[in-house]
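Thanks for coming. I will go through one structure today, starting with the whole chain and ending with single residues. Please have a look at it first.

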Amino acid sequence: MSTTRPHSPGDRGPEPSGACGTPARDPSAGGVSSGTPGEEPPSGRQARRLSFEGRSGVVPLARDFTRQALYAWGWLPAGTADRRAASEDVLLVVSELVTNACLHADGPEELWITCDNKVLRIEVSDRGAGQPSPRTPHRAGRPGGHGMFIVQRLCLDWGVVRTPGIAGKKVWAELGAPA
């Protein structure tokens, strides 16, 4: 479903910075933050953050970063077809959101991935003013323009968060955790 809600229905809202147990950015980590080893974030959430500042090849970088998070969180290696499909869906959604930021918003700024036992949330921030939406009508036979349609089909929900007075937005999407 296409939405501009800042978070999914029934959610407590976006986590305040650092509330998921993710420490502030370590400059020596190249913009990557993966939480404190051995420390469980509040409410069982795990979080990872990737800054794209000064980076090139951001789409494969985002996929590799997400794949590492999925391994750390036990989604990979996938022992069943359902787990493999869920992991592939996450990687595809990350690719689509980061690609859209590259094509339509002068590139992404950050990628946040948070996970609890039920839902994995992806957030991609950028400085763009545009509003992402699936192309209507969707024409499967045409090249291009399928990104948000794919996100809409694979995700439980997705939306856009804008902060008044600040340029840009966060595009978020949530997928169900594998059984």
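This is a predicted model: local features need pLDDT of at least 70, side-chain atom pairs count only at pLDDT 80 or more; totals for chains, interfaces and linings use all residues.

The protein has three helices and six strands. Read from the N terminus, the order of elements is β-β-α-α-β-β-α-β-β. There are 179 residues, and 43% of them count as buried. The accessible surface comes to about 9,500 Å², with 52% of that belonging to carbon and sulfur atoms. On contacts: taking those with a separation of 6 or more, 60% are between residues 24 or more positions apart.

Now strand 4, which covers residues 119-126. Which strands does strand 4 pair with? One partner is strand 3, residues 108-115, in the antiparallel sense and over seven bridges. The link from strand 3 to strand 4 is a hairpin through three residues. In this pairing, C115 stands opposite L120 of strand 4. Another partner is strand 6, residues 169-176, also antiparallel, with eight bridges to strand 4. There, I122 stands opposite A173 of strand 6.

How covered is strand 4? Mostly: of its eight residues, seven are buried.

R121 is a residue in that strand. Is R121 buried or exposed? Its relative accessibility is 4%, so R121 counts as buried; the cut-off for buried is under 20% relative accessible area. What does the R121 side chain contact? It makes a polar contact with the side chain of E123, at 2.7 Å. To put R121 together: a place in strand 4, a buried position, and a side-chain polar contact to E123.

The last stop is G145. Where does it sit? G145 lies in the loop between strand 4 and helix 3, the helix being residues 147-154. Its relative accessible area is 29%, and therefore G145 is classed as partly exposed; that class runs between the 20% and 50% limits. How far is G145 from S133? In sequence they are twelve residues apart, and in space the C-alpha to C-alpha distance is 9.7 Å.

To recap the strand: strand 4 has antiparallel pairings with strand 3 and with strand 6, and it is mostly covered. R121 in strand 4 is buried at 4%, whereas G145 in the loop is partly exposed at 29%.

That is what I had for today.

How values were computed. Residues are numbered from 1 along each chain as its sequence is written. Side-chain values use heavy atoms; hydrogens and water are left out. Helices (H or I, at least four residues) and strands (E, at least two) are DSSP runs, numbered from the N terminus. Buried means under 20% relative accessible area, exposed over 50%, partly exposed in between (1.4 Å probe, protein chains only). A polar contact is a pair of N or O atoms within 3.5 Å; within protein, one must be able to donate a hydrogen and the other to accept it, and residues adjacent in sequence count only if both atoms are side-chain atoms. Contact means heavy atoms within 4.5 Å. Accessible areas come from the Shrake-Rupley method with a 1.4 Å probe; for residues, only the protein chains shown count as cover. Two strands pair if DSSP finds at least two bridges between them.
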